[in-house]
Amino acid sequence: MINFRTTTESKSKLINRRMFILSVGKLAVFSGILGRLFYLQISENIKYTSLSEKNRLREWKLPPQRGVIEDYFGTKIADNTQVYQLHLIPENVLSYNQLFFRLKKIINMSDKNIAQLKKVLKSQKPWEPVIVSDNLSWAEFSRLNLFLHEIPGIQPLVSVARNYPADGSSSHVIGYVSAVSKADLNKDKFIRDVHVAGLRIGKIGLERVLNQTIIGLPGYQRYEVNAFGKKIREIKSVSGKTGKNFKTTLDNEVQKFASELLIKKNGSISVMDIYTGDIVAMVSSPTFNSNKFVHGISTNDWKKLLDDPGKPLINKAISGLYPPGSTIKPIVALSALENDVISPKFTIKCEEKIELYGQTYHCWKEKGHGFLNLRKAIKESCDVYFYEMSRRLGVDRLSITAKNFGLGSRVLNSFKEEKVGIVPNTKWKLNNIGKGWVLGETLITGIGQGYFQTTPIQICLMIAQLANGGYKIIPRIIDDRDSIKPVLDA
């Protein structure tokens, strides 16, 4: 006999259990949907809002405008000029082959340029812009803007670039700017912080010395675009902060005149105010055109500079090391007087040469100068007189006086390319050559030969301090301070 009541209760329990499980499932699904909605709308709101904005907005960072460098009278010797650039945003490019094919039809691009760009693109992150060209002509810039909506991933921009006097009279002292290299980014935190596509930094000269204050801060332009990447309207534009302007102590007219005196010659000219230490001119020859480095110097131009026997890339005024020769003689005389080795009336007879331990040391004048006192010896630049004076003085005392007047140390400490030179003495030779000093070396040191090595700017400083009566001056090339204090101990 079948118990219908029991069967009915079992079915009812089964249905209730299934309904419960179904309800729990519905509740779990509904909770999951609510949780996901909460996650997307609340927790991930910033992320997805940013992604949405990124599809709607485009932002291009702009390199800051460098400050201007002027001479003492306000003439610009490092200025800025307007240029037209083309930037490429890799993440917005649909097809590189199609992009480059179109660009070749619009602007001047060679297969070599395209190969270089592809190499750069492989090494960069997709959101980092790449400079396709930083010096477009107006015609190219206009054509690009006309077809901009058909070529996603590019952005023509109006920017500024450095401009220097074409005569090159100030190229060595001002230097030049060029593109930021990987080495620059690795070693300089400041450059990393301000770096944007198209940024140019100083590589040598004052441009390099003043980098941290003359560069400024980058700006940006933000646009709303449609689905094809075409600009609809500009939302915001921030020009950034222009770098600080600098006034130098240079006189551009004197600078150009000194440069003209050195045309077709190898050498340098340095002019300094004897009381303040202001550098009025500092010229090196042969020179070069700094403008060629701004947009990237060509291989041919670079090779010409490297192969030139006159070494135009070297600033001879601060990097050239030469024996001072007879220019050292006033310091030898001063040192001898200070140390009571001689008096102004000290007299010898120059008979063209002097012998010491079997070695003969000649005077520059054939048959000699005859009898001379100190004043006449300086006037005639008699070598024999200074041989005898330096023999009595000794190289160590001469070395002290020479260093007091600026020899053997940097004159402009900020210039990386400046050389120190050598002011020899007995200790220096022992430490650097491993041999003792011999008396004959003292004689030739007394006429500025032997181990002596100085830069032209050091000689300029030495003469300036002699001319002002023995007062120490702190040379400067940026017009921002005054400093003068005595060299001599009373």
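Tutor: Let's start with Arg 66 and Glu 207, whose side chains meet in a salt bridge at 2.8 Å, N to O. This pair ties together distant parts of the chain: Arg 66 sits in the loop between β1 (57–62) and β2 (69–70), while Glu 207 belongs to helix α9 (residues 205–209), 141 residues away. Both Arg 66 and Glu 207 are buried. Keep in mind that this is a predicted model, so every value here is computed from predicted coordinates.

How many salt bridges does the model have by this rule? The count comes to 17. The general idea is simple: side chains of opposite charge can pair when their charged atoms come close.

Asp 111 forms a salt bridge with Lys 104, with the closest N and O atoms 2.9 Å apart. Is Asp 111 buried or exposed? Asp 111 counts as exposed because its relative accessibility is 56%, and the cut-off for exposed is over 50%. Lys 104 has 39% relative accessibility, so Lys 104 counts as partly exposed.

Then there's a pair inside one helix. The side chains of Lys 303 and Asp 307 meet in a salt bridge at 2.8 Å, N to O. Lys 303 and Asp 307 are four residues apart in helix α13 (residues 299–307), so about one helical turn separates them. Asp 307 is partly exposed, because its relative accessibility is 48%. Beyond pairs, there's also a network of salt bridges linking Lys 247, Asp 278, Arg 476 and Asp 479.

β2 pairs with strand β3 (residues 76–88) in the antiparallel sense, over two bridges. Within that pairing, Glu 70 stands opposite Lys 76 in β3. The β2–β3 hairpin has five residues between its strands, and Gly 74 takes a positive phi near 95 degrees there.

With strand β5 (residues 154–163), β3 makes an antiparallel pairing over ten bridges, where Gln 85 has Leu 157 in β5 as its bridge partner. With strand β4 (residues 130–136), the pairing of β3 is also antiparallel, over four bridges, and Tyr 84 stands opposite Leu 136 in β4. As a general point, side chains in a regular strand alternate between the two faces of the sheet.

Ser 178 is buried because its relative accessible area is 17%, and the cut-off for buried is under 20%. Leaving aside its neighbours within four places in sequence, Ser 178 is in contact with Leu 199, Arg 200, Ile 201, Lys 203 and Phe 293.

For one more buried stretch, go to helix α21 (residues 456–467). α21 has twelve residues and reaches 16 Å from its first C-alpha to its last, close to the 16 Å expected at 1.5 Å a residue. The buried residues of α21 include Ile 457, Leu 461 and Gln 465. Among the elements covering these buried residues are β13 (267–272), α15 (329–338) and β19 (471–473). Just after α21, Gly 469 takes a positive phi of about 95 degrees.

Zooming out, the protein has 21 helices and 20 strands. Buried residues make up 42% of its 490 residues. Among contacts between residues at least 6 apart in sequence, 70% join residues at least 24 apart.

Conventions:
Residues numbered from 1 in each chain as written. Predicted model: local features only at pLDDT ≥ 70, side-chain atom pairs only at ≥ 80, totals over all residues. Heavy atoms only, no water. Expected span 1.5 Å × (residues − 1). Buried < 20%, exposed > 50% of the residue type's maximum accessible area, 1.4 Å probe, protein only. Contact = heavy atoms within 4.5 Å. Salt bridge = Lys/Arg side-chain N within 4 Å of Asp/Glu carboxyl O. Pairing = 2+ DSSP bridges.
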